[in-house]
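Visitor: I would like to go through this model term by term, with the cut-off behind each word. Please show it first.

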Amino acid sequence: MPKASSLKPRAVKTLNIWGGISYHGTTEFVMFTNTLNQDGYRIIVNQYLSPFLRNYPGGCRLIQDNAPPHTAQASVALLNQNNIRW
């Protein structure tokens, strides 16, 4: 069998999509091509998540992974400040 040739990594453009879903509907979906950092995550929380959750006072819980933007101290403080349960 021939050996597999070694391929050089190629620059790949990525498309990231953030969105929230619930039994009652969805948030607006956010599309971005850059890497999400804590500043970008806080923008998403302020502009997209918080307005959505205002429609469900006390009735939603945010489920997220432990990605660094989600667990950054400033992000956690913002979630707590907005009484977002996670």
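Visitor: What makes the pair H70 and D65 a polar contact?
Guide: The side chains of H70 and D65 are joined at 2.8 Å. A polar contact is a pair of N or O atoms within 3.5 Å; within protein, one must be able to donate a hydrogen and the other to accept it, and residues adjacent in sequence count only if both atoms are side-chain atoms. The 2.8 Å of H70 and D65 meets that limit, so the pair is called a polar contact. This is a predicted model, in which local features need pLDDT of at least 70 and side-chain atom pairs count only at pLDDT 80 or more, while totals for chains, interfaces and linings use all residues. Residues are numbered from 1 along each chain as its sequence is written, and side-chain values use heavy atoms, with hydrogens and water left out.

Visitor: Why is H70 called buried?
Guide: H70 has a relative accessible area of 12%. Buried means under 20%, exposed over 50%, and partly exposed in between (1.4 Å probe, protein chains only). At 12%, H70 is therefore buried. H70 lies in helix α2 (68-71); helices (H or I, at least four residues) and strands (E, at least two) are DSSP runs, numbered from the N terminus.

Visitor: Which residues are in contact with H70?
Guide: Leaving aside neighbours within four places in sequence, they are Y41, Q64, D65, S75 and V76. Contact means heavy atoms within 4.5 Å.

Visitor: Which residues of α1 are buried, and what covers them?
Guide: In α1, the buried residues are G40, Y41, I44, V45, L49, S50, F52 and L53. Their cover includes β1, β2, β3, β4, α2 and α3. Apart from neighbours within four places in sequence, S50 touches V45, N82 and I84.

Visitor: What is the bend in α1, and how is it defined?
Guide: Helix α1 has a kink of about 40°, centred on V45. The bend at a residue is the angle between axes fitted to the seven residues ending there and the seven starting there.

Visitor: How many salt bridges are there, and what makes a pair count as one?
Guide: There is one, formed by D39 and R42. A salt bridge is a side-chain nitrogen of Lys or Arg within 4 Å of a carboxyl oxygen of Asp or Glu. The closest N and O atoms of D39 and R42 are 2.9 Å apart, so the pair passes. D39 and R42 are three residues apart in α1 (residues 38-53), which means a separation of about one helical turn. D39 has a relative accessible area of 42% and R42 one of 23%, so both are partly exposed.

Visitor: Where does N37 come in at the start of α1?
Guide: A side-chain oxygen of N37 reaches to within 3.1 Å of the backbone nitrogen of D39.

Visitor: Which residues make the nonpolar surface patch, and how do you know that L15 can belong to it?
Guide: L15, I17, I21, F29 and M31 make a patch of about 610 Å². Patches are made of residues with over 30% relative accessible area and no salt bridge: like charges are joined within 9 Å, nonpolar side chains (Val, Leu, Ile, Met, Phe, Trp, Tyr) within 5 Å. L15 has 54%, so it is above the 30% required, and counts as exposed as well. L15 is placed in the segment before β1 (16-18).

Visitor: Where is F29, and what does it touch?
Guide: F29 is in the loop between β3 (25-26) and β4 (30-32). With neighbours within four places set aside, F29 is in contact with I17, W18 and G19. F29 and G19 are ten residues apart along the chain, with 4.7 Å between their C-alpha atoms.

Visitor: How many helices and strands does the chain have, and how many of its residues are buried, as a percentage?
Guide: The chain has three helices and four strands, in the order β-β-β-β-α-α-α along the sequence. Buried residues are 28% of the 86 in the chain.

Conventions: Accessible areas come from the Shrake-Rupley method with a 1.4 Å probe; for residues, only the protein chains shown count as cover.
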